Amino acid sequence: MAMVMAAGAIFARGFFSSPIVQHALELGAAAAIVCAVVGCFTVSRGQSFAGHALGDIGSSGGSGAYLVGLAPLWGFVAISLAAAAAMELIGVQRARARDVATGVVLGAGFGLAALLLYLASTTASATNAAQTVLFGSIFTVGGDELPPSLALAGSALALIAAVYRPLWLSSLSPDLAAARGVRVRLIGVLYLAAVALAVALAAITIGAILATALLVGPAATATALARGPGRTLGIAVALAVLAAWLGILLAYDSYYWPPLHHGWPVSFFVVALVVSFNLGGRLLAGWTAARRR
Amino acid sequence: MDRRAPALMLQPFMLHAWEAAAIAAVVGGAVGFFVVLRGQAFAAHAIPNGAFAGAAAATLASVNVLLGLGAFALVGALGIAALGRRASRDVATALVLVLMLALGALLLGFGSDYASQVYALLFGEVLGVSGTQLVASAALAGAALATLALLYRPLLLCAALSESSQLRPGGRRALELAFLLVLAMATTMTVPVVGATLMFSLMVGPAAAARLLARQPSVALGLSVALALAVAWGAVALAYLTGWPVGFYVGTLAACVYLAGRVRAGEGRLPRLR
Amino acid sequence: MRAEREQPILSVAGLSVRLSGRTILEDVSFELGVGELAGLIGANGAGKTTLLRAIAGLQVPSGGTVRIASGEGRGRPPVGYVPQQFLLERDLPLRARDLVALGLDGHRLGLPWPSRARREAVEEMLAAVGAGELANARVGRLSGGEQQRVLIAHALIARPRLLLLDEPLSSLDLRAAYEVVSLLSRLARERGVAVLLSAHELNPLLPAIDRVIYLAAGRAASGSVEQVVRSEVLSRLYGHHVDVLRVHGRVLVIAGTGHGEHAAGPAERGQPQVEIV
């Protein structure tokens, strides 16, 4: 009896029966799983900034989609894949994450997003375009966007599963991989395609600007806590899904919270949770390391 | 963002826009020169993000947005100075910055008129700069430029030699802190004009191009300011003529200037690194 | 070791490599047989890495041939390669056992099935290189010498016929260097593998190597130590006079330019240095 009452307090009325919430939970989980898996490789390869750039540049894709009347998902996917291909052609920097060139391209991408959002709000009368594209709006994702999103998530995971071992080896050392006969360049391209898909899914969940948090956060936390690749991936996935679902729950519950009583954004909760987990994880890792000594 | 104003470019409100853009460009170009020199592009990305949350808080509290920007930019600068530069910290720092963006979005959502405020803070709203804001910006700009003038030689020396015997360790840290504070000041006056996401373009694009084109620091500095001014004013003019957002032109023009600089300097292809 | 004459595992004939208009290697020829340990000696910039990469198949030669005897049975690659020391990220989520396992099947598509046979093979290999206790340590946290052992295990686990190591001793202290060399010598004999490792100092290798290949200005002289490390041979190779002294079983190679000896330090291109041990 007490548990039912507690459940009633935690889960606001209608949480489990609302189809919108169910869609959000499914989409959130899909985005979280893909980002966590791909993110572990991103962090290992030291390419966090590339993932960040793909998210920001993707904002122009989402905005463009609004203008044309497509679902933002397709805009994100198209631009992210194109940007990933461009990065591969130009050559993504491994160690030096903050490069002027990437930053300037990022700025141009944002500028383009500014234009497209302006046009979308004036011509296509999509007044919520900025909020949806930049900071996500998972509760407004239509039911017909869900199947393709899940399909894309599945494709990204299948891609990673297919090149799992060569990807780990080439992330450790391209020379070692090449010596084993791995086509390092091809693996790199396939990996970037997976990153593009992951970022696109995160963008429709929590917005283009914040997508990096889901990609890099859980993976970085897991890397601090676990040692082998399997365990690291498992922890990353668990943390990411937890952050996504808890974020959705809190956003739903916050509908009656002050100040405006129309709910706090999901993206804020998800990012806050990801950051908290990261802080907690690193503290835990430091504490256990100190104890071991 | 209604641009059907029919009058000439020299209407009073447009004068404010030209002046605000000029101030942002001059300070941005000057500070950007040192940002590129010192390789602190990350800080130039990070501090505006943090400032975004402050601006959001200020808007919500109906306080002058410059105060919010300044306060959070200051905290961000101090935080980066304190954390130092370690690779293991980078992911944590990046996460905190994303959190600042999310926090800003949350706070803006508490107020009214969410969409246009988000837009203005992220992409700039040069026409929205008021007279009092302009005076405050000019004052901040003066302070920032005066500080840069004072620190000109130490900054050049510090960048030229990574371990100079003429700079004591304490002096190095003080210099680092002072420069980050200047960056915070520059952020405060630039973000209302070009937005948090585009400040990097205005600051770093022209400066990087200038550095490629000119060897002597003084010449490069002057060129950096000149190019930034060209970008900023060009953006205002084009925005006025076409009715499209200033931010779009800032991002595009800065990228063009940077690309032109690379091509001119003979580094047409972007670097390939493994 | 078998007594009858065997086909050499590695034969390099007339190998040349030209990159960006520069001739890195010119007409290099030598052979390596089963269980032999050979040292590739040369100063920095002499072309050692290029030669090893050409043999490993990572560098296409401009001329000449590299022939590696194919292994028995399918799926046995001819070459194991340990590249020059590289900095691994401290937090890389791969343990020593993961790295070695990737030596077995790092090129296969699809997810790996956990298998006891594979686990045992990995542990056996780690024990054979003296890194058994490091199995669960993160590769990024290993010391230079420990990393070296794990990389050797990674290269050997797929039972190649030829093992190439690029400057495996460069960041090790003398004792660790001797340990690695005697480990390699033992592995070569026990597993019938031909081992070629590059170094810029000959002396740590002297007790163990069967053959030496001296590389200078793109050209090579190869043979046993007695045959190659002689004043006439090295002088012809370097193109100017070189003296070779033997002191208590150790070798001193001194440039005879008349500018006097200088202690071992960063070598200039193609110039021999004094090797004092």
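The legends below describe views of a predicted model.

**View 1. Helices of chain A.** Chain A contains 13 helices and zero strands. Its pattern along the sequence is accordingly written α-α-α-α-α-α-α-α-α-α-α-α-α. With a radius of gyration of 19 Å, close to the 19 Å that the globule rule gives for 293 residues, chain A is as compact as a globular protein of that length. The C-alpha trace of chain A spans about 60 × 55 × 30 Å along its principal axes.

**View 2. Interior and contacts of chain A.** Of the 293 residues in chain A, 60% are buried. Taking contacts in chain A between residues at least 6 apart in sequence, 77% join residues at least 24 apart.

**View 3. Interface between chain A and chain B.** Here 48 residues of chain A are in contact with 47 residues of chain B. On the side of chain A that touches chain B, at least two residues each are supplied by helix H3 (48-68), helix H5 (100-122), helix H6 (129-135), helix H11 (211-225) and helix H13 (266-292) of chain A. H5(A) gives the largest share of this side, with 14 residues.

**View 4. Residue classes on the side of chain A that touches chain B.** This side has 32 nonpolar residues, 14 polar residues and two charged residues. These belong to the contact between the two chains, in which 48 residues of chain A meet 47 residues of chain B.

Terms used: Residues numbered from 1 in each chain as written. Chains lettered and ligands numbered in written order. Predicted model: local features only at pLDDT ≥ 70, side-chain atom pairs only at ≥ 80, totals over all residues. Contact = placed C-beta atoms within 7 Å. Helix = DSSP H or I, 4+ residues; strand = E, 2+ residues; numbered from the N terminus. Nonpolar A, V, L, I, M, F, W, Y, C, P; charged D, E, K, R; others polar. Rg over C-alpha atoms; globule rule 2.2 N^0.38 Å. Buried ≥ 20, exposed ≤ 12 C-beta atoms within 10 Å, placed from the backbone.
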